Amino acid sequence: MQHISPSSLTSLAPRLTYTSSFLHFTESDGAAIHASGPLIAPLLQVVLDAIYTNLLRFDITAKAFVPATSADPATTPAPSVPQDLNLEHGHIRRQMHFLQGYLLKIVKTEDWSPTSPLWTYMDKIAIAHTGLPGFQHRAKQPELRVEYMHLGLLLGYVEDVVVGAVMGMDAIDLATKTSVVRAWNKLLWIQNDLFARKYVVDRDTGETPVGLDVKSQDGNLKNFAIAFLSILFGIFLARLYRW
């Protein structure tokens, strides 16, 4: 029986070693994902349209796309409510571009080791949905906060779209379809775990997730600063009256 130290799972590479081993995600799975690139590329726009059409069905998921960003051209009015959004809106087109880049980065990956840059990228993707920047280019952008429930549902929907697209291809045999679908299934569960570690408290490690409550963390910091300054002021008054 292999021993896994809970404390080791707070670091990305050991965590990927464990999750990949548990899911039996191997180099062969990585090769299947890499090989699926030419198959998925022609369907990419259809896949993106399906994903964002589904996200815009509900105001609770669409609201994440409302805040204006510095990337908005002056000629593009920022939406004031989720109902202002549609697939042709600049905010949605830009998000589609980001998701397209995410999918392309995955299928272009050839290094599937626990220290692969892909896992660091996917971990930053998770951070970027907690309200923290995640990436340097998001440092001056409005907070993007998406609750874990919706992220999990999104990954489930992405998997369903990918499975439907691959299984509907007539040009490849069943064995190839099966290997591609199984590999993507494992990969999306790894991404789900990277999201989970930013939101869910792990009692084994006692680690506080960065996305547990970003606003509360900011508020706690401010409260600590106020309390600290109050103590210093109290010490100052005590010494003043002593003199």
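The model is predicted, so local features need pLDDT of at least 70 and side-chain atom pairs count only at pLDDT 80 or more, while totals for chains, interfaces and linings use all residues. Residues are numbered from 1 along each chain as its sequence is written, and side-chain values use heavy atoms, with hydrogens and water left out.

A pocket here is an open set of points on a 1 Å grid over the protein atoms alone, where a 1.4 Å probe fits and protein lies on both sides within 12 Å along at least five of seven lines; lining residues have an atom within 4 Å of a point.

**The largest pocket**
- The largest pocket holds about 860 Å³ of space, counted as the space filled by probe spheres set on the points, which are joined across faces, edges and corners.
- It's lined by 34 residues, and Tyr-52, Gln-95, Ile-125, His-129 and Leu-144 are the closest to its centre.
- Helix α6 gives the most to this lining, with 7 residues (helices are DSSP runs of H or I, at least four residues, numbered from the N terminus).
- By class, the lining has 22 nonpolar, 8 polar and 4 charged residues (Ala, Val, Leu, Ile, Met, Phe, Trp, Tyr, Cys and Pro count as nonpolar, Asp, Glu, Lys and Arg as charged, and the others, Gly among them, as polar).

**The second largest pocket**
- About 280 Å³ of space sits in the second largest pocket.
- Of its 15 lining residues, Leu-9, Arg-15, Tyr-18, Thr-19 and Asp-193 lie nearest the centre.
- Helix α1 brings the largest share of this lining, 5 residues.
- This lining splits into 8 nonpolar, 3 polar and 4 charged residues.

Key. Helices (H or I, at least four residues) and strands (E, at least two) are DSSP runs, numbered from the N terminus.
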